[in-house]
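Q: I would like to learn how to read some features of a protein model, step by step. Could you take me through them with the example shown here?

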Amino acid sequence: MSKISKPTQIIILGGGGDLTRRKLLPALFDLYMRDKLPQEFHIIGQARSEKTNAEYREFVEASLAQHVTMKETKERTLKNFCSNISYVAGNFSEPELYQDLENELSIFDSKHKRANRLFYLAVPPKFYGEIFKDLKESGVGSEAEDCWTHILVEKPFGNNLATAKELDIELADLYREDQIFRIDHYLAKEAVQNVLSFRFANRLMQAPWNKDSIESVAITMTETIDVGGRSNFYEGVGALRDVGQNHLLQLLALTAMPEPSEFTVDAIRRARADTLEALVPLDINSLEKSVLRAQYSGYKTHEHTSGTSETETYFELKAEINLPEWEGVPFYIRSGKALDKAEVSIVVHFKDVASGMFDTQNCLTSGNMLTLTISPEQKISITLNSKAPGLGFQLEQRTLSFTCEKGDSEIKNSYEKVLYDAVVGDQTLFTTTEEVLAAWKFITPIIEAWAKIPLHSYEKGTKGPEQTIIS
Ligand code: BG6
């Protein structure tokens, strides 16, 4: 607790939005319940509409009632939590907002000396540049002696390589790298952090983790929900930008990266960046062999979509990594909305054994398969060849699996980890500018060439389009 003993103010810009309601407020409340928020803290929600503090607290209570399990005994705790919350109304483009924020912040500062300030930008990315600048220039985002200011930015960070670079330059002019926390909430998921322990804390996994033993890797994120409620954001963005450029490439980086020399922020982030930088650019002239895109039928009828929309709600991609240990190993990435099931997993297909002993017996062996399931449950399973019971000698496949322990210590909402780490200043699970740019460098040429390949169609609630590039 010593690390967060200093008073801290958390300012959520976009404090009335969906992310705040569904993820951030429940995460902050859970941290409060676990005693993991600074002892003296203050949360300010900001949005455009006029509201009193009491009205905003009602909004907070209603959000928490929907997203955390409310037992009667928590009523009092909830009231105490809410008493640390206030509200400021205003527009990002108007200087009065920053003045009003400063006034609200100084009320808390006057009681606790100057406190740390954590700004969470839960706003559409088009406002990022303006907010970074106005926060700094108004003095609201400056640092006082012995106090830090941290800026948390949601993805997408830019919408292609050029805009990500511009944003990065603007940000670097105003804040130090150790003040900037670029969020990829997938990195903060328990099951995703477990990829590192599974790979590097088990000798069993170390030796075969390369092209000699691995045939291919499939990284999948399927969702049952469509984009109806979010078509305003999704139209023109599409699946590859929404989850491919960030979450899925980060899963690839964790799966393929060489072991960091030490367990430090820099070494881990460098290893992820090195892997992303080693992605082999796809050949734009034969893009159809390595990328597939599709849209579910009915997408064009959503409120904010155009009747001629080419936005993909599904994609498949075959990536290769230019590192000696991964030469020739395909990494298949696949994601889609409105599919038949919701699942996130990393499946490692091992090569079949080279030995001929079983061939002479006419026993078929199969390559082992390791599945790291990220959601809906955190599970690890391995298929193995085993002798089928009986008088003869035949082989059969058996699966060894376990779900990672659940219980009160499990963090179900990854934003809890995001917020906690941003308060204690640990950037390990936040992306560096190198990672963001390397991912955009790989993705941007594909997006620019999208029109060259067909946009397939699929029905909602199915496995996706009939076509596939995954072999
Ligand atoms: C977000 C995407 O980053 O991740 C959404 O914008 C997607 O489209 C979401 O649904 C999935 O996150 P999770 O944690 O629910 O798997």
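Q: How many Å separate the centres of domain 1 and domain 2, taken over C-alpha atoms?

A: Before the answer, please note that this is a predicted model, in which local features need pLDDT of at least 70 and side-chain atom pairs count only at pLDDT 80 or more, while totals for chains, interfaces and linings use all residues. Residues are numbered from 1 along each chain as its sequence is written, and side-chain values use heavy atoms, with hydrogens and water left out. Domain bounds come from an automatic or database domain assignment, and here domain 1 covers 8-154, whereas domain 2 covers 187-413 + 427-458. Their centres, taken over C-alpha atoms, are 34 Å apart.

Q: What area is buried between domain 1 and domain 2?

A: The size of an interface is often given as the accessible area lost when the parts come together. Buried area is what two parts lose in this way, computed with a 1.4 Å probe and summed over both. Between domain 1 and domain 2 the value is about 380 Å², and carbon and sulfur atoms give 46% of it. On the side of domain 1, Lys23, Arg34 and Leu152 supply 70% of the area buried against domain 2, more than any other three residues. If contact is taken as heavy atoms within 4.5 Å, five residues of domain 1 touch six residues of domain 2.

Q: How many aromatic pairs does a search of the whole structure find?

A: Rings of Phe, Tyr and Trp (its six-membered ring) pair if their centres lie within 6.5 Å, and planes under 30 degrees apart count as stacked, over 60 as edge-to-face and the rest as tilted. The search finds 16 such pairs. In one of them, the rings of Phe29 and Phe81 have centres 5.2 Å apart and planes at 65°, so this pair is edge-to-face. Helices (H or I, at least four residues) and strands (E, at least two) are DSSP runs, numbered from the N terminus. Phe29 lies in helix 1 (residues 18-33) and Phe81 in helix 3 (residues 75-82), so the pair ties together parts that are 52 residues apart in sequence.

Q: Is Phe81 buried or exposed?

A: Buried means under 20% relative accessible area, exposed over 50%, and partly exposed in between (1.4 Å probe, protein chains only). With 0% relative accessibility, Phe81 counts as buried. Phe81 also pairs with Phe41, their ring centres being 6.2 Å apart and their planes at 35°, so that pair is tilted.
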